[in-house]
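Work through the exercises below with the coordinates open. Try each task before you read its solution.

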Amino acid sequence: EFVLEEGQDPFQMTVHLLANPGESQGLQKTLDCLLHWLSPDIQLFHVSERATPVKCCETQRRKKSGYPSHSVILFLHEDFGEERILQVHDFFQGPPWHYHHSESVGGKILPYMICCQDFYSLDASMPIWAVRQVHYGNEILRVTVCCSNENFEDAVKLYELILQKKAAVQKTDFCCFTVFSSQSFSIQLSLKQLPLGVPVDLKVSAVLQFRVHAIGELVPLLPNPCIPISNARWQTEDYDGNKILFQVGIALGL
């Protein structure tokens, strides 16, 4: 269960996914099942339907042109059982998941895990997903935004402004914010700098939403126009063109 520290807002960041017509309920159920391995209380991902489907030719062209803008990794603790990690890996093997690509990983790995990180996707215009073991500390759900090489430093400043905090981890090509933390798990937002010349493959069906309490003070400081789209939501873009939503309102407990 959530045990809130003073001042924490568990809904400071949420991820909105836009599904093709008729697919939202199935995708929401899939994500709820996946997150149940970490915590059944997590309500981070919200799936809704777009008015018209994304054209296949558009998504295939973007897929070949760069690295995905958004990824989600579940870091599960090995002390809670090897079978649990393997179950999540097996979950990715069936529909509606599709294999995306693999990356090599460093550090200590368990004998039953191969020396690479497999990523999977639900749709070509949505984030890529993976599971990885963690050796110490809390379990983690990490949402990563990949930034073009030239925009990384500005992106770090932008998300510091939005979150009203400094990154908990800061490296030359990576930074990480703790958005929420309980006794058992943490939700993180990280930024990763892509190599020079590698473009960002925008995942247009994924939008990060942040809860803010002073939109009037925030808007003049943003790099791109920020416009109201409803009584309680505003929309802007980051330096690479990823859409960002702001929800205006007071924090709610659980």
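Buried means under 20% relative accessible area, and exposed means over 50%. The model is a predicted one.

**Exercise 1. The faces of H3**

Task: Find which residues of helix H3 are buried and decide how they are arranged about its axis.

Solution. 
- Step 1. Helix H3 spans residues 82–91, and its buried residues are Arg84, Ile85 and Val88.
- Step 2. Look down the axis of H3. The buried residues fall within an arc of 100°, so they line one face of the helix.
- Step 3. Turn to the face directed away from the buried side. Exposed residues Glu83 and Asp90 sit there.
- Step 4. Ask what covers the buried residues. The cover includes helix H1 (24–35) and strands S4 (70–77), S7 (128–134) and S8 (139–147).

**Exercise 2. Two aromatic pairs**

Task: Classify the ring pair Trp37 and Phe91, then the pair Phe92 and Tyr120.

Solution. 
- Step 1. Start with the total: the structure holds nine aromatic pairs.
- Step 2. The ring centres of Trp37 and Phe91 are 5.4 Å apart. Their planes meet at 65°, so the pair is edge-to-face.
- Step 3. Trp37 is in the loop between H1 and S2, and Phe91 is in helix H3, so the pair ties together parts 54 residues apart in sequence.
- Step 4. Check accessibility. Trp37 has 23% relative accessibility and counts as partly exposed. Phe91 is partly exposed as well, at 24%.
- Step 5. Now the second pair. Phe92 and Tyr120 are stacked, with 5.1 Å centre to centre and 10° between the planes.
- Step 6. Phe92 lies in the loop between H3 and strand S5 (98–104), while Tyr120 lies in strand S6 (residues 116–121). The two are 28 residues apart.
- Step 7. Phe92 has a relative accessible area of 1% and is buried. Tyr120, at 4%, is buried too.
- Step 8. Zoom out. Ring pairs link Trp37, Phe45, Phe91, Phe92, Trp97, Tyr99, Tyr120 and Trp129 into a cluster.

**Exercise 3. The setting of Ser184**

Task: Locate Ser184, then list its contacts beyond neighbours within four places in sequence.

Solution. 
- Step 1. Ser184 is in the loop between strand S10 (174–181) and strand S11 (185–193).
- Step 2. The relative accessible area of Ser184 is 40%, which means that this residue is partly exposed.
- Step 3. With neighbours within four places set aside, Ser184 contacts Asn138 and Glu139.
- Step 4. Compare sequence with space. Ser184 and Ser39 are 145 residues apart in sequence, but 8.9 Å apart from C-alpha to C-alpha.

Conventions. Residues numbered from 1 in each chain as written. Predicted model: local features only at pLDDT ≥ 70, side-chain atom pairs only at ≥ 80, totals over all residues. Heavy atoms only, no water. Buried < 20%, exposed > 50% of the residue type's maximum accessible area, 1.4 Å probe, protein only. Arc of directions from axis to C-beta. Contact = heavy atoms within 4.5 Å. Phe/Tyr/Trp six-rings, centres within 6.5 Å; stacked < 30°, edge-to-face > 60°.
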